[in-house]
Amino acid sequence: MKPDLILASTSASRQMLMRNAGLTFTAQPADIDERAIDTRLVKDGATPDRIAVELARAKALAVSAARPDAFVLGCDQTMSLGSRIYHKPKDMTEAHANLMSLSGKTHRLNCGAALAHKGAVIWETVTFADLTVRALSNDFVARHLERVGSNVLSSVGAYQLEGEGVQLFSAIEGDYFTILGLPLLPLLTKLRDLGLIDG
């Protein structure tokens, strides 16, 4: 019998991607203080991609400590524009300000993943997507946020590309899975290498 695969997250989009790929897994959120880890890493000068990987590692290790025989997948995503790192907006006012700060610019999504087994990280990766936001007006952003509602507060970029958020963009470089927060193709390669899925 193959060992269990656990996703250390309650993210609906990550679960959907894994289910659609035919993976059998359970979801168990990691009990970690993400903001405390993030704050420490920023203070230490960590790059946005490193922060994504370190948070993914922390999630995988936290769940692996309780379920050592399972393979535990931790994921995290950071969003950066130059040296600025974005977080999920606290409210719609901040969502509006964040979207306006992205107007006419290209920002990067850094998607980290780590697989833990028996309390140790056995694999990690980071993938990237570069997204160019078209020139936006304050009035359009206000109308857009009114239409899409507070769901955007669950997204680091204050947009959901799989919905009306796609209207904000003029160009996207990078795969869809990275944008939704899961480096699915590298993950599937690793799961095949480990014999956890049919190769």
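**Notes on salt bridges, pockets and cores**

1. Lysine 90 counts as exposed, at 69% relative accessibility (exposed is over 50% relative accessible area, buried under 20%, partly exposed in between, with a 1.4 Å probe and protein chains only). Keep in mind that this is a predicted model: local features need pLDDT of at least 70, side-chain atom pairs count only at pLDDT 80 or more, and totals for chains, interfaces and linings use all residues. Numbering starts from 1 along each chain as its sequence is written, and side-chain values use heavy atoms, leaving out hydrogens and water.

2. Lysine 90 has a salt-bridge partner in glutamate 94, with 3.0 Å between the closest N and O atoms (a salt bridge needs a side-chain nitrogen of Lys or Arg within 4 Å of a carboxyl oxygen of Asp or Glu). Glutamate 94 is partly exposed, its relative accessible area being 23%, whereas lysine 90 is exposed. The structure holds 12 salt bridges.

3. Another one to look at is arginine 108 with aspartate 130, where the closest N and O atoms are 2.8 Å apart. This pair links distant parts of the chain: arginine 108 sits in strand β5 (residues 106–117) and aspartate 130 in strand β6 (residues 120–133), 22 residues apart. Helices (H or I, at least four residues) and strands (E, at least two) are DSSP runs, numbered from the N terminus. Both partners count as partly exposed, arginine 108 at 32% relative accessibility and aspartate 130 at 23%.

4. Now the pockets. About 810 Å³ of space lies in the largest pocket, and 34 residues line it. Ser11, Arg14, Gln77, Lys88 and Ser154 lie nearest its centre. Here a pocket is an open set of points on a 1 Å grid over the protein atoms alone, where a 1.4 Å probe fits, with protein on both sides within 12 Å along at least five of seven lines; lining residues have an atom within 4 Å of a point. Points join across faces, edges and corners, and the volume is the space filled by probe spheres set on them.

5. As for what builds that lining, α1 (12–20), α2 (34–43), α3, β3 (71–81) and β4 (84–86) each supply at least two residues. Strand β3 gives the most, with four residues.

6. The second largest pocket has about 220 Å³ of space. Its lining draws on Lys2, Pro3, Asp4 and Leu5, on Gly22, Leu23, Thr24, Phe25 and Thr26, and on Leu191, Leu196 and Ile197.

7. The largest nonpolar core has 22 residues, and Leu99, Leu102, Leu131 and Tyr159 touch the most other members (a core is a set of buried Ala, Val, Leu, Ile, Met, Phe, Trp, Tyr and Cys residues joined through side-chain atoms within 4.5 Å). β3, α4 (92–102), β6 and α5 each supply at least two residues of this core. A second, separate core has 19 residues, including Leu17, Phe25, Phe71 and Leu188.

8. Tyrosine 159 is worth a click. Leaving out residues up to four places away in sequence, tyrosine 159 touches Met79, Leu99, Leu102, His107, Leu109, Leu131, Val152, Gly165, Leu168 and Phe169 (contact means heavy atoms within 4.5 Å). Histidine 144, in helix α5, is buried, with a relative accessible area of 1%. Beyond residues up to four places away in sequence, histidine 144 touches Leu99, Glu164, Gly165 and Leu168.

9. Two last residues. Threonine 125 is in strand β6 and counts as buried at 19% relative accessibility. Setting aside neighbours within four places in sequence, threonine 125 is in contact with Val53, Cys111, Gly112, Ala113, Pro183 and Pro186. Asparagine 151 belongs to the loop between α5 (138–148) and β7 (169–173), and is partly exposed, with a relative accessible area of 49%. Asparagine 151 and methionine 92 are 59 residues apart in sequence, yet 9.9 Å apart in space, C-alpha to C-alpha.
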